[in-house]
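Please read the following note with the sequence and the model open beside it. The points are numbered so that each may be checked in turn.

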Amino acid sequence: EEGSPDAAARDQTVLILIPDGFPAELFFQEVEDAVRQALSQADPTLAPSSGYLGDPYRWPDRGFDHEEAWYESLMASLAQGQSGAVARGQTRQEADLLSARLSTLVECQLLTDAKEDYTKKAREARKNQSAGQAIAVGVRVQVSRGDGEWICGTRVYGDAGRTSVVTDSGEWLSNLSSNHVRALKTQGR
C-alpha cells in the first residue's frame, strides 16, 4: 500500500550512455530494437506495475505515458547530454534487471530520482486496465501481504472490498484489501 514501509520504492531511473563522440541518432539506430525488447520483456519473478507475473512490461510500467513520449524524451536527452532515461520509476530490482539485460549492449547507469510519484501512476495504470473486472469466489488469484511478493491461491470469500484467500500452500489469509488480490490470467480458457 502507498506509504507502507514494505512497499518497494519506485525511484530508480535507468539511463543509457553514448560513447564519447558518437552521434546520438546513429547510436540509437544500432541499439533501438534490442533496447525495446529489453524494456518489454516479461520476467517470471517480477510483475509489472500494471499487470501480472509473466506479463510483458508496457510504457506506463517504464515511467512513460506512451511510446512516443519515451522516444521523444530519450532522443532529446541523448542529443543534448550523451545519456538518456530508458526507464523511470522502477523499483531497485526492476532497474537492476533491466540494466543487466542491457549491459552487453550499452553502458547503463542507475539514478535515484524521487521527484515524481511513479507509484501512483503505476497504480492508476493497473486500475485502468482492470476496471470492472470483479473477482468471483472460487477464482484463482495472486495475493500479496504488501511486501511486493505475490503468491497463488483461490478466493474463498469476499464482500465490501475485503476478501479471503486460501494459498496453494494451505494458508488462510483473511480480511485482505482488494489492492492485495488480483485474478490470475487464464491461459486461453
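1. A salt bridge is a side-chain nitrogen of Lys or Arg within 4 Å of a carboxyl oxygen of Asp or Glu. By this rule, Arg101 forms a salt bridge with Asp43, and their closest N and O atoms are 3.4 Å apart. The pair links distant parts of the chain, since Arg101 belongs to helix H3 and Asp43 to the loop between H1 and H2, 58 residues apart. Helices (H or I, at least four residues) and strands (E, at least two) are DSSP runs, numbered from the N terminus.

2. The model is predicted: local features need pLDDT of at least 70, side-chain atom pairs count only at pLDDT 80 or more, and totals for chains, interfaces and linings use all residues. Residues are numbered from 1 along each chain as its sequence is written, and side-chain values use heavy atoms, with hydrogens and water left out.

3. The protein chain has 4 helices and 8 strands. From the N terminus on, these elements follow the order β-α-α-β-α-β-α-β-β-β-β-β. A contact means heavy atoms within 4.5 Å. Among contacts between residues at least 6 apart in sequence, 58% join residues at least 24 apart.

4. Residues are called buried under 20% relative accessible area, exposed over 50%, and partly exposed in between (1.4 Å probe, protein chains only). Of the 189 residues of the protein chain, 38% count as buried.

5. The structure holds 6 salt bridges. In one of them Arg36 pairs with Glu67, the closest N and O atoms being 2.2 Å apart. Because Arg36 lies in helix H1 and Glu67 in helix H2, the pair ties together parts that are 31 residues apart in sequence. Glu67 is partly exposed, at 30% relative accessibility. Glu32, Arg36 and Glu67 are linked in a network of salt bridges.

6. A further salt bridge joins Asp168 and Arg140, whose closest N and O atoms are 2.7 Å apart. This pair, too, links distant parts of the chain: Asp168 is in the loop between strand E6 (162-167) and E7, and Arg140 is in strand E4 (residues 140-144), 28 residues apart. Arg140 is partly exposed, with a relative accessible area of 36%. As a general principle, side chains of opposite charge can pair when their charged atoms come close.

7. The next point is the interior. A nonpolar core is a set of buried Ala, Val, Leu, Ile, Met, Phe, Trp, Tyr and Cys residues joined through side-chain atoms within 4.5 Å. The largest such core has 21 residues, and those with the most contacts inside it are Ile16, Trp70, Leu78, Val86, Leu98 and Leu102. Two or more residues each come from strand E1 (12-17), H1, helix H2 (67-81), strand E2 (83-90) and H3. Which element gives the most to this core? It is H1, with 7 residues. Apart from this core lies another, of 7 residues, among them Ile135, Val141, Val143 and Val181.

8. Leu78 deserves a separate look. Leaving aside its neighbours within four places in sequence, Leu78 is in contact with Ile16, Ile18, Ala24, Phe28, Ser83 and Gly84.

9. Which residues of H3 are buried? They are Glu94, Ala95, Leu98, Ser99 and Leu102. These residues lie on the same side of H3, because they cover an arc of only 130 degrees around the axis; the arc is that of the directions from the helix axis to the C-beta atoms. Their cover includes E1, H1, E2 and strand E3 (107-112). Ser99 has a relative accessible area of 17%, and it touches Cys108 and Leu110, not counting residues up to four places away in sequence.

10. Glu30, in helix H1 (residues 24-40), is exposed with a relative accessible area of 60%. Glu30 and Leu105 are 75 residues apart in sequence and 9.6 Å apart in space, C-alpha to C-alpha. Trp172 lies in strand E7 (residues 172-177) and is exposed, with a relative accessible area of 54%.
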